[in-house]
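Open your viewer and get ready to click along. Each stop on this tour tells you what to select and what you will find there.

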Amino acid sequence: MIKKQTNHLEWQIAEDEDEWAVLAMESGEDETPARKRLFTKPFLCNICLILLLVSGASGWQWYAARAKAQADLAARVGVEVRATLQDKHELVAALTDGQTPLEWKRYFSQESEFLSAAHESSALGLDGDGLLRNVDLQGEQAMTTLILTAQEGRSAYRQTRFYRRRETGGWVRTAPVAALWGQKQQLETPYFIFHFQEQDGKAVAAAAPHIDALYASMRRNLGLGAPLPAGTLPPHSAPKLAIEVNVLRIPGADSFRLHLADRFSVPSPALYLAPVGLTDAEILEQSLVFPLFDYLLEEMLVRRSVEPAWEPLLGGLRLWQLWTLDLPLAPWRKEVVQWVYADFLLKRQGEPIQLPAHYAALCAAHRLWMPQPENIQIPLLCDSAEASKYYLNWWSSRKPPIQLAQLAAPAAGPGGYYLTNQSDQMRHPGQAVALSTVIEYIVATYGHDALPALLGSIGRYNSWDTLVPAVFGVSVADFEQGWQSYLKKHYGVTLSDDISVAPVAVKP
């Protein structure tokens with residue numbers, strides 16, 4: 001039997017060559033001078049120094065290469081921003097990755113048009129090349145936050161952008177890259193399960209409690225109790241609704257109308273070209289108002305039959321809900337209402353159409369989340385000032401909607417078709433705005449519980465003449481006078497001389 005031997009290696013380091021000679025003699029080994037010098041302490045120190053120098057040189061090269069990449073990226077973004085502000089759209093397109101999907105190229109083009117217009121506007125004036133923050137380089141890909149400054153030197157807009165470095169031609173802008181956005185994560189609340197990636201974690205954590213409270217409030221406003229049982233429409237296949245915050249979704253692409261059953265998908269708030277003063281949490285909350293309200297509105301319509309005459313009321317309800325929230329679009333309520341009643345609907349015959357005083361800023365704020373304010377029945381296209389004036393001029397001779405009879409659906413002819421050749425039967429573009437003030441007046445006068453009571457009654461009555469006395473205990477004439485007085489008091493609306501606006505007592 002052969003016994004297995006175990007080899008042992010022992011290292012000894014001498015202070016100098018003399019000590020090494022002693023150790024060699026003690027071990028009985030006959031060492032050559034070359035071998036004796038190999039493991040002396042001074043020699044090892046020299047080896048370590050060489051290794052440190054080589055390592056330092058490699059590290060310096062890495063940092064130098066990274067600094068150069070960041071400088072090249074900053075220079076390219078500067079060219080991109082200047083070209084945008086100078087309305088050089090062909091150059092901006094040339095600085096976009098050819099592999100970018102068409103829908104993202106269109107979005108980049110819309111951004112360029114907005115920034116170009118903002119540069120020309122005194123209200124939204126921009127200046128400079130922009131500053132880059134939080135540059136994240138990973139190979140040939142980069143992710144960075146662009147800060148655009150106003151002419152006064154203060155920060156104006158910010159946005160997270162993605163870039164790719166080509167073998168020739170340098171950095172070009174590209175669509176978001178999910179691999180750069182971090183690990184997938186999940187957050188569960190009493191009403192929702194949020195699905196998101198690491199970069200959106202702070203925004204989701206800050207917004208989630210507010211979204212829960214918002215959802216509960218909207219359910220109360222619509223008179224909804226517990227969710228519908230499974231199998232009904234809209235379907236509730238899971239006990240909690242799912243919200244996906246997706247870095248691959250395009251901001252502002254009419255996303256407030258898109259949701260599937262009990263799952264909602266909204267863009268990452270970091271992708272928005274948004275004012276610096278808006279937090280990611282506020283952007284996320286505003287993005288979710290639209291699909292959540294539409295979802296609950298569908299549930300309400302399934303629970304209750306609603307007469308066609310009340311269809312416009314739902315548009316006003318939607319607008320009212322939007323304006324009652326402490327979110328970015330809510331502050332525009334007063335200007336829109338005052339414009340609709342004072343500057344647009346009540347203008348005298350022959351006077352030119354006047355757009356809102358802060359038209360450019362209003363359009364910029366709304367187009368973060370929708371193609372144009374008209375999508376939520378605010379009668380503004382925001383394509384251009386002249387286009388909006390042309391659109392509105394057709395309605396300039398219409399009577400302002402200051403009576404309830406004007407706030408029903410258009411009368412339908414044989415076969416259910418609207419009589420669009422009769423102007424008196426056509427819906428006024430300011431109708432939803434007017435109805436939002438009706439709901440505001442109801443809540444302010446009769447209390448918050450009056451709103452679900454109103455919505456619970458629209459399936460039993462087909463006109464204001466029958467609904468108002470039944471729900472509020474006053475005549476239509478008294479209700480109208482109270483509403484008109486409210487408009488005058490809170491919005492400064494000056495009504496025509498032939499309509500009395502004296503305050504009247506209303507039953508609480």
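A word you will need on this tour is "buried": buried means under 20% relative accessible area, exposed means over 50%, and partly exposed lies in between, using a 1.4 Å probe and protein chains only. This is a predicted model, in which local features need pLDDT of at least 70 and side-chain atom pairs count only at pLDDT 80 or more, while totals for chains, interfaces and linings use all residues. Residues are numbered from 1 along each chain as its sequence is written, and side-chain values use heavy atoms, with hydrogens and water left out.

**The whole chain**

Start with everything shown. The protein chain has 15 helices and 9 strands; helices (H or I, at least four residues) and strands (E, at least two) are DSSP runs, numbered from the N terminus. Of the 508 residues in the chain, 45% are buried.

**A buried loop residue**

Now select Thr189, which sits in the loop between strand E5 (184-188) and strand E6 (192-197). Is Thr189 buried or exposed? Thr189 has a relative accessible area of 10%, so it counts as buried. Leaving out residues up to four places away in sequence, Thr189 touches Phe194, Ala208, Asp212 and Lys240; contact here means heavy atoms within 4.5 Å.

**A hairpin**

Next, select residues 155-165 for strand E3 and residues 171-174 for strand E4. The two strands pair in the antiparallel sense over 4 bridges, and pairing requires that DSSP finds at least two bridges between the strands. Look for Arg164, which stands opposite Val172 in E4. E3 and E4 form a hairpin with 5 residues between them, and Gly169 in the turn has a positive phi of about 110°. Which way do the residues of E4 point? Trp171 and Arg173 point one way, Val172 and Thr174 the other way, and all are buried.

**Two packed helices**

Two packed helices are described by the angle between their axes and the distance between the axes. Select helix H7 (residues 280-303) and helix H8 (residues 311-323): they pack at an angle of about 145°, with their axes 11 Å apart. Axes are lines fitted to C-alpha atoms, for helices over the stretch in contact, and angles run from 0 to 180 degrees between N-to-C directions. On the H7 side of the contact, show Phe290, Phe293 and Leu297, among others; on the H8 side, the residues include Leu314, Leu317 and Arg318.

**A covered helix**

Move on to helix H12 (residues 431-446), which has 16 residues and reaches 22 Å from its first C-alpha to its last. That is close to the 22 Å expected at 1.5 Å a residue, where the expected span is 1.5 Å times one less than the number of residues. How many residues of H12 are buried? The count is 14 of its 16 residues, so the helix is mostly covered. Just after H12, click Gly447, which takes a positive phi of about 100°.

Select Asp87, in the loop between helix H3 (41-85) and helix H4 (89-94). The phi of Asp87 is near 65°, a positive value in a residue other than glycine. Asp87 is partly exposed, with a relative accessible area of 39%.

Then go to Asn134 in strand E1 (residues 126-138). Asn134 also has a positive phi, near 55°, and is exposed at 64% relative accessibility.

**Last stop**

Finish at Gln138, in strand E1. Gln138 is partly exposed, with a relative accessible area of 39%. Draw a distance from Gln138 to Arg66: the two are 72 residues apart in sequence and 10.0 Å apart in space, C-alpha to C-alpha.
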